[in-house]
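Please read them with the coordinates open.

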Amino acid sequence: MPQTFHPRSNSLFRTALLGVPVVICLFGYGVWAVWWSPYMTRVDVALDQPVPFSHQHHVAGLGIDCRYCHVSVETSAFAGLPPTETCMTCHSQVWTDAPVLAPVRQSWAAARPLHWNRVHDLPDFVFFNHAIHIQRGIGCSTCHGQVDQMPLIWKNETLYMKWCLECHRDPTPYLRPADQIYNMDWKPGSNQTDRGEHPLEIHDIHPEFMNDCSFCHR
Amino acid sequence: MSSFPHYGKNTPAPHTSRIDWSSLRARLKGQGKQYWRSLKEAAQTPEFRALLEREFPDGASEWTGSLSRREFLLLVSSSLLLGGLAGCTRQPVEQILPYVQQPSDMTLGEPLSFATAMPLSGFGVGMVVQSREGRPIKADGNRLHPASLGGSDVWLQTAIYGLYDPDRAKAILHYGKASTSPAFIAALHMALQFQGQRQGAGLRFLTGNVTSPTLAAQLKALLEKHPQAKWHQYEPINRDHALEGARLAFGEYVAPQYQLHKSAVIVSLDSDFLYVHPMRLRHVAAAVCHLGVLAP
């Protein structure tokens with residue numbers, strides 16, 4: 001009686017028995033690796049800007065407070081990006097002929113805004129409110145990293161939803177006193193979690209409803 | 001079942017007979033108005049009659065295309081599923097453009113409210129318009145304005161669309177071509193100078209209903225300067241009859257406002273004082289607060 005299967009099909013089947021799960025696992029690992037790679041997350045990838053504005057020079061070097069430029073971080077959902085006029089408050093008097101600042105001067109003269117490349121950019125289906133985070137004890141460096149050490153801004157965190165939920169589910173390790181919000185060097189103390197529920201009470205935070213979908217996806 | 005006619009690939013297609021035009025014309029000539037949907041119907045060709053008799057034309061239920069149903073369904077479902085792959089991209093770098101000079105009272109991300117007014121048939125109603133980053137999004141009544149008392153109606157609510165009307169003039173046009181404000185002023189000046197020599201005999205002003213004392217004073221001054229000029233007022237949906245009645249009652253053209261909260265019973269004869277009266281919003285507030293349910 002003629003055989004339905006070629007003798008080769010035995011070894012083919014044995015290879016596939018081991019090979020197919022291995023291939024699937026490799027594919028899964030590949031997807032995971034790409035998803036968390038800097039290519040997708042852009043973590044530690046400094047973006048080019050029309051003017052190489054150095055936060056390191058302006059914040060660490062000159063001691064300018066965050067709120068001089070990002071004015072509405074405590075009062076509005078949007079932290080605020082400084083208008084050209086803010087740059088010109090100083091640069092109409094210092095470095096007035098520097099070639100690196102030419103785009104700023106052109107923007108001011110022609111009344112055309114500067115086109116900055118957005119580094120921390122959440123998708124449009126997410127609502128993020130800066131003001132409530134600042135008011136409830138989350139400092140700048142917790143999410144943005146040590147901006148005062150960045151010659152060009154890069155993302156310090158993935159800003160993935162999973163990362164947001166880590167804090168929303170248990171905010172205690174990330175909360176800091178109100179006078180430390182703008183302190184770039186602040187690190188949580190060793191007894192942060194041992195403080196128990198008190199930071200949540202101090203800052204009036206209720207994690208029990210902070211994890212509803214419509215909290216952010218409005 | 002054998003009485004059913006069997007249609008299928010084996011049924012020969014009837015041959016197409018040519019239409020005899022001359023006999024068709026002759027037939028239709030003397031018949032007056034006769035409606036037909038196709039020439040074959042008018043000519044009553046044998047295959048048309050056969051088509052009418054068959055419930056299902058030859059081969060109607062067969063799929064004779066090269067793409068089989070299975071392949072078609074495969075393509076459709078796979079396109080639907082693969083369309084989801086469009087989401088598996090990394091977020092593109094977007095640009096953010098701040099102001100060059102930010103208005104000092106604007107907090108980005110927070111709305112700004114402006115108190116303004118809107119004329120309707122010449123009578124102004126106070127409004128509050130909420131705008132975000134310079135884009136007005138909502139118009140409501142101004143509770144501090146006596147003509148509104150916080151209420152708004154369909155005209156106030158839809159006034160926001162007027163701000164986004166594509167026909168709204170965005171620039172000065174001279175014979176359809178963009179021009180400048182100084183050019184317009186210069187042209188107007190020249191025309192007025194010419195009219196000034198003739199005491200304004202060729203000058204006409206067309207306005208709607210004017211209730212503004214300032215505008216009225218300005219127009220009066222203009223008419224004194226050009227005595228021969230004429231001022232025409234026209235309002236397409238107007239209260240001319242009500243004004244005439246007021247003149248008969250009070251001796252001058254006045255627009256009455258009613259103090260509805262002082263009345264127990266109101267009889268309105270063809271006066272829609274809650275919907276189209278200049279003081280309608282005040283009347284609604286009074287009626288709702290003081291009179292309870294109103295009969296239609």
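1. Q102(B) sits in the loop between β1 (95-96) and β2 (112-120) of chain B. The model is predicted, and in it Q102(B) has a relative accessible area of 18%. Because the cut-off for buried is under 20%, Q102(B) counts as buried.

2. What does Q102(B) touch, leaving aside its neighbours within four places in sequence? The contacts are L81(A), P83(A) and E85(A) from chain A, together with L108(B). A polar atom of the Q102(B) side chain also lies 3.2 Å from the backbone oxygen of M106(B).

3. For R67(A) the ring is that of Y182(A), with the charged end 3.6 Å from its centre. For R90(B) the ring is that of Y39(A), and the distance to the centre is 4.1 Å.

4. Aromatic pairs come next. Over all chains, the count of aromatic pairs is 5. One of them joins W36(A) and Y160(A), edge-to-face, at 5.0 Å centre to centre and with 70 degrees between the planes. W36(A) belongs to the loop between α1 (8-35) and α2 (38-41) of chain A, and Y160(A) to the loop between α7 (140-144) and α8 (161-169) of chain A, so this pair ties together parts 124 residues apart in sequence.

5. Are the two partners buried or exposed? W36(A) is partly exposed, at 33% relative accessible area, whereas Y160(A) is buried, at 15%. Ring pairs also bring in W35(A), giving a cluster of W35(A), W36(A) and Y160(A).

6. In chain B, W155(B) and Y275(B) form a tilted aromatic pair, with 5.2 Å centre to centre and 45 degrees between the planes. W155(B) is in helix α5 (residues 154-163) of chain B, while Y275(B) is in the loop between α8 (240-250) and α9 (280-291) of chain B; the pair therefore ties together parts 120 residues apart in sequence. Both residues count as partly exposed: W155(B) has 29% relative accessibility, and Y275(B) has 42%.

7. The last point concerns α8(A). Its buried residues include W163(A), L165(A), C167(A) and H168(A). Which elements do the buried residues of α8(A) pack against? They pack against α6 (130-135) and α7 of chain A.

Technical notes:
Residues are numbered from 1 along each chain as its sequence is written. Chains are lettered from A and ligands numbered from 1 in the order in which they are written. This is a predicted model: local features need pLDDT of at least 70, side-chain atom pairs count only at pLDDT 80 or more; totals for chains, interfaces and linings use all residues. Side-chain values use heavy atoms; hydrogens and water are left out. Rings of Phe, Tyr and Trp (its six-membered ring) pair if their centres lie within 6.5 Å; planes under 30 degrees apart count as stacked, over 60 as edge-to-face and the rest as tilted. Helices (H or I, at least four residues) and strands (E, at least two) are DSSP runs, numbered from the N terminus. Buried means under 20% relative accessible area, exposed over 50%, partly exposed in between (1.4 Å probe, protein chains only). A charge sits over a ring if NZ of Lys or CZ of Arg is within 6 Å of the ring centre and within 35 degrees of the ring normal. Contact means heavy atoms within 4.5 Å. A polar contact is a pair of N or O atoms within 3.5 Å; within protein, one must be able to donate a hydrogen and the other to accept it, and residues adjacent in sequence count only if both atoms are side-chain atoms.
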